[in-house]
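Take a first look at this chain before reading on. Then follow its sheets and helices one at a time.

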Amino acid sequence: MATIMETVRRPQVRQTQCFIGGKWTSSASGKTFETVNPATEEVICEVAEGDKEDVDAAVDAARDAFEAGPWAKMDARDRGILMNKLADLIAEEADELAALETLDNGKPISDARAADIPLVIDCLRYYAGWADKIEGRTIPVRGEYFTYTRREPVGVVGQIIPWNFPALMVAWKWGPALAAGCTIVMKPAEQTPLTCLRMARLAQKAGIPDGVINVIPGYGPTAGDAVVRHPGIDKVAFTGELATAKIIQRNAAETMKRLTFELGGKSPNVIFADADLDSAIEGAHFGLYFNQGQCCCAGSRLFVEERVHDEVIDRLREKNAERRVGDPFDPETQQGPQVDEAQFDKVLQYCEYGKQDGAKMISGGKRVGNRGFFVEPTLFTGVTDTMRIAREEIFGPVLSVLKFKNVDEIIRRSNDTNFGLAAAVWTRDIAKAHRYAAAVRAGTVWINCYDVFDAGAPFGGFKQSGLGRELGEAGLANYTELKTVTVSMS
Ligand code: ADP
């Protein structure tokens, strides 16, 4: 038993280099960077630090694979078969991959096993099914012409992903790109490159031709920026912070790249007094604290109708007191560390802002232990709409609770933000629920549930929470160009 636990605790790190054209290589500069275990602050390993030269080589490989390689000639259905094979190989290594995710990111092993890796597999299988179902239309135009459309792959795509769901973000990005027939240059987050590199190896094992998937680990302003500016990349798909997205949008303008963005949020989660309070409280707690609060769609503004406010607070406080924060490899652990020191400092800084701005800290606000980036689950009441903890994305286990009285008010206040990623509403009154769902300016609305994701359901932001959608058919469309063909029939 001890040995099994030890193997799971120390998953083997096998891939640490750039993956270009099917070959593992050091970075052109020879530089490496450290990836750190956030639970212990120990260095896990050194990883190749890619930069412009490596991105150039990766784009050459991807371009070649797109235009000349077997990928370009392959039947669409066979692409789907290879994607399913990749999903199978991931399923075979699920425990090892989950452990690698926990090691690099700090998320509880129970979450990595129950959520991250199964969702990766499901997403790849979902998009594998699309590969041979990307169809054009025939269009009844005026005159003696036959007009039809083709949906063609957008080309070489640059994909830049964050550290909060490292493997899942790979699946969200690779799934539609591969189904559409694109080739890929991916830059994983510098905090969490390991599962992405392992998945690249599995893609090769599955038989996805060399050059279709290329991975360049490295930093954003160097490797990421080289992806954004490269004239040989047709589209960039980015998930991360709004501030970074604005830089990318500017830098990508020169080459007129197609862009999709999945960014942050300050998502309202609204509990009406007529809700099933047991599930509403459970959902509010999960909707914020899941993944150490490091979710772009975290329900970080919890609006509670006045009549049930105090009861909700009491029960949230109890739940926080019971929450098991600690060693992410312990199967009983519910909350691991924040991903790195910068995030840890930022979260604690927001706890200070909350106090300074006059909110009442009901629980949390402090570091847990003295090693690793652990933060107590933190709860603020008496929060008003203008406080920093109600307006800015914290990306940590800090829940702000605000009171409200009626539907019109809560619609207005929910929308009083530049973000628009997600929203949720808890009520037994279906008219009220749907009225709220229609009025809130957000890309996803959950009614009497939270964080329910499916590979088939589009996800993305209104306003400054994003551009375009991921998942579902909408996510696939962003990896295609639409071509119109007109034939003279006379
Ligand atoms: P987070 O705060 O979640 O790390 P970021 O937006 O900083 O969010 O990072 C998300 C991804 O974007 C990471 O892979 C990071 O390396 C990359 N990135 C950061 N800055 C840039 C940039 N200027 N150009 C391209 N990619 C970047």
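What follows is a short tour of sheets, helix pairs and single residues in a predicted model.

Now zoom in on one pair. Strand 15 (residues 378-381) runs parallel to strand 16 (residues 398-404), and three bridges link them. Here Thr 378 stands opposite Val 398 of strand 16.

## Helix 16: two sides

Which residues of helix 16 (residues 430-439) are buried? They are Lys 432, Ala 433 and Tyr 436. These residues cover an arc of only 100° around the axis, so they lie on the same side of helix 16. In general, an α-helix has 3.6 residues a turn, so residues three or four places apart point the same way.

The other side of helix 16 has exposed residues: Ile 430, Ala 431, His 434 and Ala 438. What covers the buried residues? The cover includes strand 12, helix 15 (407-414), strand 17 (422-426) and strand 18.

| Helix pair | Angle | Axis distance |
|---|---|---|
| Helix 5 (residues 94-105) and helix 8 (residues 194-206) | about 155° | 8 Å |
| Helix 6 (residues 109-130) and helix 7 (residues 166-180) | about 5° | 8 Å |

Take helix 5 and helix 8, which pack at about 155°. That angle makes helix 5 roughly antiparallel to helix 8, because angles over 145 degrees count that way. Helix 5 brings Glu 96, Leu 97, Leu 100, Glu 101 and Asp 104 to the contact. Helix 8 brings Leu 194, Thr 195, Arg 198, Met 199 and Leu 202. By class, this contact of helix 5 with helix 8 has five nonpolar, one polar and four charged residues.

Turn to helix 6 and helix 7, at about 5°. These two helices are therefore roughly parallel to each other. On the helix 6 side, the contact residues include Ile 117, Val 120, Leu 124 and Trp 130. On the helix 7 side, they include Ala 167, Trp 172, Gly 175 and Pro 176. The contact of helix 6 with helix 7 divides into 13 nonpolar, one polar and one charged residue.

Another open sheet has three strands in the order 5-6-20, with antiparallel pairing. Strand 5 (138-139) and strand 20 (480-488) stand at its edges. Each has a single partner strand, so one side of each is left without a neighbour in the sheet.

Strand 5 and strand 6 (residues 145-153) run antiparallel and are joined by two bridges. Ile 139 has Thr 147 of strand 6 as its bridge partner.

Is Leu 482 buried or exposed? Leu 482 counts as exposed, because its relative accessibility is 51% and the cut-off for exposed is over 50%. Leaving out residues up to four places away in sequence, Leu 482 touches Thr 149, Arg 150 and Arg 151. Leu 482 and Glu 306 are 176 residues apart in sequence, and their C-alpha atoms are 51 Å apart in space.

Technical notes:
Residues are numbered from 1 along each chain as its sequence is written. This is a predicted model: local features need pLDDT of at least 70, side-chain atom pairs count only at pLDDT 80 or more; totals for chains, interfaces and linings use all residues. Side-chain values use heavy atoms; hydrogens and water are left out. Two strands pair if DSSP finds at least two bridges between them. Helices (H or I, at least four residues) and strands (E, at least two) are DSSP runs, numbered from the N terminus. Axes are lines fitted to C-alpha atoms, for helices over the stretch in contact, and angles run from 0 to 180 degrees between N-to-C directions. Angles under 35 degrees count as roughly parallel, over 145 as roughly antiparallel, 65 to 115 as roughly perpendicular and the rest as oblique. Contact means heavy atoms within 4.5 Å. Ala, Val, Leu, Ile, Met, Phe, Trp, Tyr, Cys and Pro count as nonpolar, Asp, Glu, Lys and Arg as charged, and the others, Gly among them, as polar. Buried means under 20% relative accessible area, exposed over 50%, partly exposed in between (1.4 Å probe, protein chains only). The arc is that of the directions from the helix axis to the C-beta atoms.
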